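Work through the exercises below with the sequence and the coordinates at hand. Each task is followed by a stepwise solution.

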Amino acid sequence: QVQLVESGGGGVQPGGSLRLSCAASGNNFKISAMGWYRQAPGKQRELVAAITSGGSTTYADSVKGRFTISRDNAKNTVYLQMNSLKPEDTAVYYCNADRMSGPTTTRYWGQGTQVTVSS
């Protein structure tokens with residue numbers, strides 16, 4: 001089992017910044033990709049950004065140039081730096097980690113952290 005604990009959410013005005021953190025604990029052996037998803041009220045959960053153990057990154061088009069995902073493998077922690085925040089970024093943000101065990105990959109989720117962008 002892998003436990004993920006997120007922190008760093010909160011309220012911010014449009015144009016502001018927040019940094020989310022997600023620390024993995026438990027059986028962290030062979031965690032491959034980690035990432036962030038978000039879910040706004042009435043909408044489906046969507047990928048925000050992902051990063052492999054080697055550092056390759058993927059971003060949703062809506063956040064490219066504004067958000068940066070990074071990872072500290074030694075600390076088993078993934079970060080999401082969010083700049084130039086917009087009201088449409090308001091959502092619950094969920095961290096995920098994929099753990100490989102033989103041919104099987106299991107995805108773990110954090111509990112979510114609320115991000116609210118409002119004036």
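The model is predicted, so local features need pLDDT of at least 70, side-chain atom pairs count only at pLDDT 80 or more, and totals for chains, interfaces and linings use all residues. Residues are numbered from 1 along each chain as its sequence is written, and side-chain values use heavy atoms, with hydrogens and water left out.

**Exercise 1.** Count the salt bridges, then locate the one between D89 and R38 in the chain.

Solution. 
- Step 1: Apply the criterion, a side-chain nitrogen of Lys or Arg within 4 Å of a carboxyl oxygen of Asp or Glu.
- Step 2: For D89 and R38, the N to O distance is 2.9 Å.
- Step 3: D89 lies in the loop between β8 (77–82) and β9 (91–101), while R38 belongs to strand β4 (residues 31–39); the two are 51 residues apart and link distant parts of the chain.

**Exercise 2.** Classify D89 and R38 as buried or exposed.

Solution. 
- Step 1: Set the classes: buried is under 20% relative accessible area, exposed over 50%, and partly exposed in between (1.4 Å probe, protein chains only).
- Step 2: D89 has a relative accessible area of 1% and is therefore buried.
- Step 3: R38, at 6%, is buried as well.

**Exercise 3.** Describe the salt bridges K64 to D61 and R107 to D98.

Solution. 
- Step 1: In the K64 and D61 pair, the closest N and O atoms are 3.1 Å apart. D61 is exposed, at 64%.
- Step 2: In the R107 and D98 pair, the closest N and O atoms are 2.7 Å apart. R107 is partly exposed at 37%, whereas D98 is buried at 10%.

**Exercise 4.** In what order do the four strands of the open sheet run, and which are the edge strands?

Solution. 
- Step 1: Count two strands as paired if DSSP finds at least two bridges between them. The order is β1-β3-β8-β7, with antiparallel pairing.
- Step 2: β1 (2–7) and β7 (67–72) each pair on one side only, which makes them the edge strands.
- Step 3: Inspect one pairing. β3 (residues 18–26) and β8 are antiparallel over six bridges, and L18 stands opposite M82 in β8.
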